[in-house]
Amino acid sequence: MSRIVYVNGAYLPEEQAKISVFDRGFLFADGVYEVSSVLCGKLIDNEGHLARLHRSLSELDMATPASDAEIETIQKTLIAKNGVDQGLVYLQVTRGAADRDFAYPQGVAPSLVMFTQNKNVIDSPQARNGIAVIGVEDIRWRRRDIKSVGLLAPCMAKMQAKAAGADDAWLVEDGYVTEGSSSNAFIVSAEGVLITRQLGNEILAGITRKAVLKLAQEQQLEIEQRPFSIEEACNASEAFITSATTFVMPVVSIDGNPIADGKPGRLTRRLRELYIQAALDSVDEA
Ligand code: PDD
């Protein structure tokens, strides 16, 4: 049975789903997206993802394609139709289809596309053993706070990491780490301080980042939101990334240098457990 996807009002087998060649998402990357994780068939932190979707849309003067309630109904319908237990729901809004012109067209309906992916989000070798990252120059545009579908720069960074035998890239601008290629970056100092870059146009305001900072605060961890360099990260006692698809994922080496003993750190493992527990609790309440 083929996967059922959603395209502009219709639920269709993926082979039958169609989008116009004039869609501005296709021609200009004129679109935004969100990825919400699914645990036990339920959406995690979805309210935050929908709030960020509205922010991205409004920063680009793009129309909202549907109400939050309608979007969530479509997300849940896709989870049910595809029998997703663990994985994610991807949603993308583009400005719609119009004859090619750099100026935004007026009166065009936005396109809304959604699909699901099955993924082992809780238990994976990478979550158990950690990942290796390398520093790569951040060549992205300057509005990374907008979750735009223009993702070629992070794709290139990821390929650079793979070519170097690593799993992922940490992006570096003016000597400081901005974030991961598709995640937020954290380190823990020798003194046990949790450090992650402050929000701004330079990074995406991660929904998982926010949840993890709240958990860390509840654990009375000292938190510093400031830039850090690759060198500081290499000398840290722990490092990890956060995103909707990795939750809290240990980073065990940077540019080939093992972090501490080269194993996932204690606080990292604890924050991962706490995040997953909170997610499972929210599923029980739903
Ligand atoms: N990416 N920074 C970037 C550049 C990202 O692409 C992402 C997520 C994050 C983490 O945000 P959140 O915690 O809200 O998922 C930070 C998604 C998962 C993706 O592109 O697949």
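1. On the kind of model. This is a predicted model, and the remarks that follow should be read with that in mind.

2. On the surroundings of β14. Strand β14 covers residues 247–254, and eight of its eight residues are buried, so the strand is largely enclosed by the rest of the structure. Buried here means under 20% relative accessible area.

3. On the parallel partner of β14. Strand β7 (residues 131–137) pairs with β14 in the parallel sense, over three bridges. Within this pairing, V133 has I254 of β14 as its bridge partner.

4. Strand β13 (residues 238–243) runs antiparallel to β14 and is joined to it by four bridges. The bridge partner of I241 in β14 is M249.

5. Strand β15 (residues 257–258) pairs with β14 over two bridges in the antiparallel sense. Here S253 stands opposite P258 of β15. Two residues lie between β14 and β15 in this hairpin, and D255 in the turn has a positive phi of about 50°.

6. On the sheet that holds β3. An open sheet is formed by six strands with antiparallel pairing, in the order β2-β1-β6-β5-β3-β4. Its edge strands are β2 (10–13) and β4 (42–43), each of which pairs on one side only. Helix α2 (residues 46–59) packs on this sheet and touches β3, β4 and β5. The direction of α2 makes about 180° with that of β3.

7. On the pairing of β3 with β5. Strand β5 (residues 87–94) runs antiparallel to β3, and eight bridges join the two.

8. On L39. Where does L39 lie? L39 is found in strand β3 (residues 31–39). Is L39 buried or exposed? L39 has 0% relative accessibility and therefore counts as buried. Leaving out residues up to four places away in sequence, L39 touches I44, D85, Q86, V121, I122, F247, A279, L280 and V283. One of these, F247, falls within the residue range of β14 (247–254).

9. L39 and A164 are 125 residues apart in sequence, and their C-alpha atoms are 33 Å apart in space.

How values were computed
Residues are numbered from 1 along each chain as its sequence is written. This is a predicted model: local features need pLDDT of at least 70, side-chain atom pairs count only at pLDDT 80 or more; totals for chains, interfaces and linings use all residues. Side-chain values use heavy atoms; hydrogens and water are left out. Buried means under 20% relative accessible area, exposed over 50%, partly exposed in between (1.4 Å probe, protein chains only). Two strands pair if DSSP finds at least two bridges between them. Contact means heavy atoms within 4.5 Å. Axes are lines fitted to C-alpha atoms, for helices over the stretch in contact, and angles run from 0 to 180 degrees between N-to-C directions.
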